[in-house]
Amino acid sequence: KKKMVQEYKIVVLGSGGVGKSALTVQFVQGVFVEKYDPTIEDSYRKNIEVDGIQCLLEILDTAGTEQFTAMRDLYMKDGQGFVLVYSIVAKSTFTDLNDIRDQIVRVKDTDDFPSILVGNKCDFEEQRVVSKQDAQDLSSKWKSSNMEASAKTSTNIQELFLDLIRQINKKEQPNKKEVKKGGGCNLLVYNNNNTIL
Ligand code: GDP
């Protein structure tokens with residue numbers, strides 16, 4: 001019997017230091033990484049069952065160091081769901097997301113795409129500078145969902161990805177693909193400057 005899975009392309013975006021890598025690695029590998037090279041842009045794969053559907057997630061943890069906007073345009077065009085991350089203890093990372101979202105809207109030529117606004121580092125409650133209300137206002141303006149999370153304590157990490165997958169399921173029936181042994185592999189190779197080799 002052939003196994004059917006649905007593939008999801010998820011892109012994690014946000015300013016440097018907000019915890020994109022920590023959040024992605026916590027979700028995929030279940031560990032909190034204290035130090036992660038901020039220039040590494042990596043993609044991760046994870047199998048997960050959501051509402052009885054077998055899902056294969058391909059998560060791109062972006063580094064924002066692309067030399068060519070064409071690169072960013074490409075993964076924004078390809079992405080089906082976007083995790084827009086800021087840190088609740090750094091106001092500028094919250095406002096930075098406006099430009100990032102504008103870019104997705106421009107590339108996709110629509111403002112209607114699955115996304116979730118994520119206020120990371122919620123374990124730093126006492127140092128909070130971005131209010132929950134501000135996040136709610138922004139997410140309703142964007143018609144996205146919104147959650148606070150902590151990669152450190154693993155708060156809402158699973159939940160935020162589930163929310164995004166459900167949004168994608170609602171919006172589009174992702175292409176059903178058969179899993180072929182050793183087939184259908186796309187490989188992009190980058191050097192240290194993130195130029196394609
Ligand atoms: P990125 O540049 O957005 O990928 O950010 P990183 O994942 O490299 O995280 C930046 C720093 O913040 C690292 O020192 C992480 O250990 C730390 N960090 C990430 N997420 C959290 C969190 O939820 N809580 C706390 N306290 N620290 C975090």
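Close-up 1. A polar backbone atom of Lys152 is 3.3 Å from an oxygen atom of the ligand, a polar contact being a pair of N or O atoms within 3.5 Å. A polar side-chain atom of Ser150 likewise lies 3.3 Å from a ligand oxygen atom. For Ser21, a backbone N or O atom is placed 2.9 Å from an oxygen atom of the ligand. The protein buries 88% of the 580 Å² that the ligand exposes when taken alone (Shrake-Rupley method, 1.4 Å probe). The model is predicted, with local features requiring pLDDT of at least 70 and side-chain atom pairs pLDDT 80 or more, while totals for chains, interfaces and linings use all residues. Residues are numbered from 1 along each chain as its sequence is written, and side-chain values use heavy atoms, without hydrogens and water.

**Close-up 2. The shell around the ligand.** Of the 20 residues around the ligand, Gly17, Lys20, Ala22, Glu34 and Asp123 come nearest (a heavy atom within 4 Å). The shell divides into 7 nonpolar, 7 polar and 6 charged residues, with Gly counted as polar. Helix 1 supplies the largest share of this shell, 3 residues (DSSP run of H or I, at least four residues).

Close-up 3. The ligand sits in the second largest pocket (more than half of its atoms within 2 Å of the grid points). A pocket is an open set of points on a 1 Å grid over the protein atoms alone, where a 1.4 Å probe fits, with protein on both sides within 12 Å along at least five of seven lines; lining residues have an atom within 4 Å of a point. This pocket holds about 520 Å³ of space, the volume filled by probe spheres set on the points. Among its 25 lining residues, Gly17, Val18, Gly19, Ala22 and Lys121 are the closest to its centre.

How values were computed:
Polar contact = N/O pair within 3.5 Å; in protein donor to acceptor, adjacent residues only side chain to side chain. Helix = DSSP H or I, 4+ residues; strand = E, 2+ residues; numbered from the N terminus.
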